[in-house]
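Try each task yourself before you read its solution.

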Amino acid sequence: MTADPRGIALTDPRITGLVDAFRNEGRIVIVGASLSGLRAAEALRERGFRGPLTIIGDEPHEPYDRPPLSKQVLKGWVPADHTKLPRMRPVDADWRLGVAAVGLDRANREVLLANGDKIPYDRLLIATGTRARPWFNPQEAKLDGVYTLRTSDDAAKLQAALHANPKRVLIVGAGFIGSEMASVCRDLGIPVTVAERASGPLIGPLGGVIADIAATMQREAGVDLRTGVAVDGLDGDADGHVRAARLSDGTTLEVDVVVASLGSIRNVEWLEGAGLATGFWGVSCDAGCRAFDINGVVTDNIFVIGDVARSPHVLYEYQFMTFEHWDNAVEGAQVAANNMINIETGRRPHLLLPSFWSGQFGVNIKGVGVCSFGDEIVFTQGSPDDYRFAAVYGRKGRVVGAVTFNHGKWLEYYGALIKRSAPFPPPPPGYDTPPDMTPIPARFPDPRELTGLPDVVLTGHDPTSRGAEFHPKTRK
């Protein structure tokens, strides 16, 4: 018979009765009809929750898979409305689709909707994810031919534009999504220019060493890649269709399709004034997915998962991190569902070892860990010249991440090194070892820059009255 730290047997009727009542009483509301929201709803039912369950989503569609949007959908292999996620089990939920959450009243435990409805909750799960960062000039963003890619509706419109034989496509931003879209353009035989403000593609997540390899790969595929260049503005014709882009190097590019691939914005505006620890980083939470309030105190009945969640990671010096990865959404949903219907002794942590993948220019890129946490890199297998290699990232003498190009079968091996904080540089894997395994600087961009976002300040004169508030920045 097992017992909790206080010596009470976990099979004691007092405990089992309490757990059963907690599991089945009250209303759970999930804000975010997403991959993580759906999988959390399924997990709640799987684990025995029989109470009322409401799922709120701002899109009119049921939850769908997003990774195919920048690949199979744009190529025309799959219609945009055919990526609906499979149901693992019935969820018996009240679906509130096509209406956004616009506020959270924690005092009365209500989610406020755009149509004026108020949805009561006993436990709340925030899974609102991210949205595409729009083009910086609102008037230019309204031009026909200017797109972003995040939703299935976005993908349907962009897919139609790409298959209408454009003369040239301009993609602004060379992250994973921008690079995948450039790859699709070349597969379709469309001339494409990629403008990247940084010194190379994929430099943010993978660093400058890999960025140099990715740049060569893109140019060999026929991409007009321009690095260190920003787009100052867009010009349209008399009919309101984009026709030209003005670049920061003084050149003008004739284009008829522009895709802004400028990163994502976490959907937290609806939580303004709710007193939670929210900001451009998302919603902060503990390793059990419980949200923090503005003072850093964990809440008891509000949980957060997916792209919008920011939590401490034990392998990375307990720094708060967000992961916009498929596996984070799925695993986080399982953990949150378990913890929402269990008391303390039954709760568990979300200890994800993040992984990612991307298909572009005929190369399968896979990674594990947090590569951008490292400051050195070493090639451990294969050859970068052939776009078939494995590389490991290190920090303070230990392995923190790995990336592979067409060498993904070794990803599990490198993941095991990260999990056990193996020394960096690692020993040769014994297969396909390159002649030189000398670590070199990974060349990540300097993250030290002002955000222009609100400051958090402390108020009050003694510990009993002290609290935190968000104040707008006044410095310029």
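**Exercise 1. Find which elements each supply at least two residues of the lining of the largest cavity, and describe that cavity.**

Solution. Step 1: β22 (309–312) and α8 (326–340) each give at least two residues to the lining of the largest cavity; helices (H or I, at least four residues) and strands (E, at least two) are DSSP runs, numbered from the N terminus. The largest share, three residues, comes from β22.

Step 1: The structure holds one cavity of 30 Å³ or more. The largest cavity has about 150 Å³ of space. Among its 20 lining residues, Ala309, Ser311, Phe323, Asn328 and His350 are the closest to its centre. A cavity here is a set of points, on a 1 Å grid over the protein atoms alone, where a 1.4 Å probe fits but cannot get out, and lining residues have an atom within 4 Å of a point. Grid points are joined across faces, edges and corners, and a volume is the space filled by probe spheres set on the points.

Step 2: Sorted by class, the lining has twelve nonpolar, seven polar and one charged residues. Ala, Val, Leu, Ile, Met, Phe, Trp, Tyr, Cys and Pro count as nonpolar, Asp, Glu, Lys and Arg as charged, and the others, Gly among them, as polar.

A note before you go on: this is a predicted model, in which local features need pLDDT of at least 70 and side-chain atom pairs count only at pLDDT 80 or more, while totals for chains, interfaces and linings use all residues. Residues are numbered from 1 along each chain as its sequence is written, and side-chain values use heavy atoms, with hydrogens and water left out.

**Exercise 2. Work out which residues of β16 are buried on its two sides, and which strands pair with β16.**

Solution. Step 1: Val257 and Val259 are buried on one side of β16, and Val258 and Ala260 are buried on the other, so both faces are covered. Buried means under 20% relative accessible area, exposed over 50%, and partly exposed in between (1.4 Å probe, protein chains only).

Step 1: β9 pairs with β16 in the parallel sense over two bridges, and Tyr147 stands opposite Val259. Two strands pair if DSSP finds at least two bridges between them.

Step 2: β10 also runs parallel to β16, joined by four bridges, with Val169 opposite Val257.

Step 3: Now look at helix α5 (residues 152–162), where Ser152, Asp154, Ala155, Leu158, Ala161 and Leu162 are buried. Their cover includes β16 (257–260), β9 (146–147), β10 (169–172), α3 (72–75) and α6.

**Exercise 3. Is Glu180 buried or exposed, and what does Glu180 touch?**

Solution. Step 2: Its relative accessibility is 3%, so Glu180 counts as buried. Step 3: Leaving aside residues up to four places away in sequence, Glu180 touches Ser70, Lys71, Trp357, Ser358, Gly359 and Gln360; contact means heavy atoms within 4.5 Å.

**Exercise 4. Describe where His241 lies and what His241 touches.**

Solution. Step 1: His241 is in the loop between β13 (231–236) and β14 (242–247). Step 2: With a relative accessible area of 21%, His241 is partly exposed. Step 3: Its contacts, not counting residues up to four places away in sequence, are Asp144, Gly145, Asp235, Gly236 and Asp256. Step 4: The C-alpha atoms of His241 and Leu143 are separated by 5.3 Å, although these residues are 98 apart along the chain.

**Exercise 5. Inspect the backbone at Leu202, Asp432 and Pro425.**

Solution. Step 1: Most residues other than glycine have a negative phi, and most peptide bonds are trans. Step 2: Leu202 has a positive phi, near 65 degrees, and is buried at 1% relative accessible area. Step 3: Asp432 has a positive phi of about 55 degrees and is partly exposed at 26%. Step 4: A cis peptide bond, with omega about 0 degrees, joins Phe424 and Pro425.

Terms used: On a 1 Å grid over the protein atoms alone, a cavity is a set of points where a 1.4 Å probe fits but cannot get out, and a pocket is an open set with protein on both sides within 12 Å along at least five of seven lines; lining residues have an atom within 4 Å of a point.
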